[in-house]
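Keep the picture beside you as you read.

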Amino acid sequence: MSSDLETGPPPAVTRRLGYLLKHAQLRLYELAEPLYEPLGVTGRQLALLTLFGDGPAQSQQDGAARLGIDRTTMVALVDELEAKGLVRREVAPGDRRKRLVRLTDEGDRVRRAGEEATGEAETLLLAPLGAEAERLRAALQLVVRGE
């Protein structure tokens with residue numbers, strides 16, 4: 001039995017910016033996650049490794065604020081990374097209640113490999129744009145910053 005309705009969303013939907021951004025992000029996820037799999041991490045976990053591997057040790061609370069996630073979620077994510085031996089928590093000097101998160105040597109290795117995998121996935125995603133890829137990235141940075 002055939003239908004007169006076409007499959008997939010109509011052009012009026014597929015031209016919408018929200019639709020395009022969402023589906024571009026989903027496509028990036030589809031490209032990146034298989035590359036992260038051999039590293040034993042997800043994209044979300046890799047984002048935390050990147051955050052905590054950038055500069056001096058940060059508290060879980062500061063990391064949550066920088067990524068815009070709630071503290072409970074941050075604790076759960078750091079728990080996962082700690083269980084994998086990728087980070088360790090340390091008591092902050094001068095404040096016993098505060099826990100700093102530091103990458104282990106293995107965590108740093110996974111972070112570096114994950115950054116390479118991310119670059120590969122982004123290159124694949126943006127390949128159809130050729131030289132325009134960097135313009136898109138720059139434009140999206142302006143949008144995210146609200147400039």
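Contact here means heavy atoms within 4.5 Å. Leaving aside its neighbours within four places in sequence, Val101 is in contact with Phe52, Ala57, Gln58, Gln60, Val78, Val87 and Arg88. Before going on, note that this is a predicted model, in which local features need pLDDT of at least 70, side-chain atom pairs count only at pLDDT 80 or more, and totals for chains, interfaces and linings use all residues. Residues are numbered from 1 along each chain as its sequence is written, and side-chain values use heavy atoms, with hydrogens and water left out.

Is Val101 buried or exposed? Val101 is buried, because its relative accessible area is 0%; buried means under 20%, exposed over 50% and partly exposed in between, with a 1.4 Å probe and protein chains only. Val41 sits 60 residues from Val101 in sequence, and their C-alpha atoms are 17 Å apart in space.

**The sheet**

Val101 belongs to strand β3. Helices (H or I, at least four residues) and strands (E, at least two) are DSSP runs, numbered from the N terminus. Two strands pair if DSSP finds at least two bridges between them. Strands of a sheet pair through backbone hydrogen bonds, either parallel or antiparallel.

In this model, three strands make an open sheet in the order β1-β3-β2, and their pairing is antiparallel. The edge strands, each pairing on one side only, are β1 (58–59) and β2 (87–92). Strand β3 covers residues 95–103 and is joined to β1 by two bridges; Ser59 has Leu100 as its bridge partner in β3.

On the β2 side, the antiparallel pairing with β3 runs over six bridges. Arg88 has Arg102 as its bridge partner in β3, and Val87 stands opposite Leu103. β2 and β3 form a hairpin with two residues between them, and Gly94 in the turn has a positive phi of about 85°.

**The helices**

Axes are lines fitted to C-alpha atoms, for helices over the stretch in contact, and angles run from 0 to 180 degrees between N-to-C directions.

| Helix pair | Angle | Axes apart |
|---|---|---|
| α3 (residues 43–52) and α4 (residues 60–67) | about 115° | 11 Å |
| α3 and α5 (residues 71–83) | about 90° | 10 Å |

Which residues bring α3 and α5 together? From α3 come Arg44, Gln45, Leu48, Leu49, Leu51 and Phe52, while α5 supplies Thr73, Met74, Leu77, Val78, Glu80 and Leu81.

Turning to the other pair, Leu48, Leu51 and Phe52 in α3 meet Gln60, Gly63, Arg66 and Leu67 in α4.
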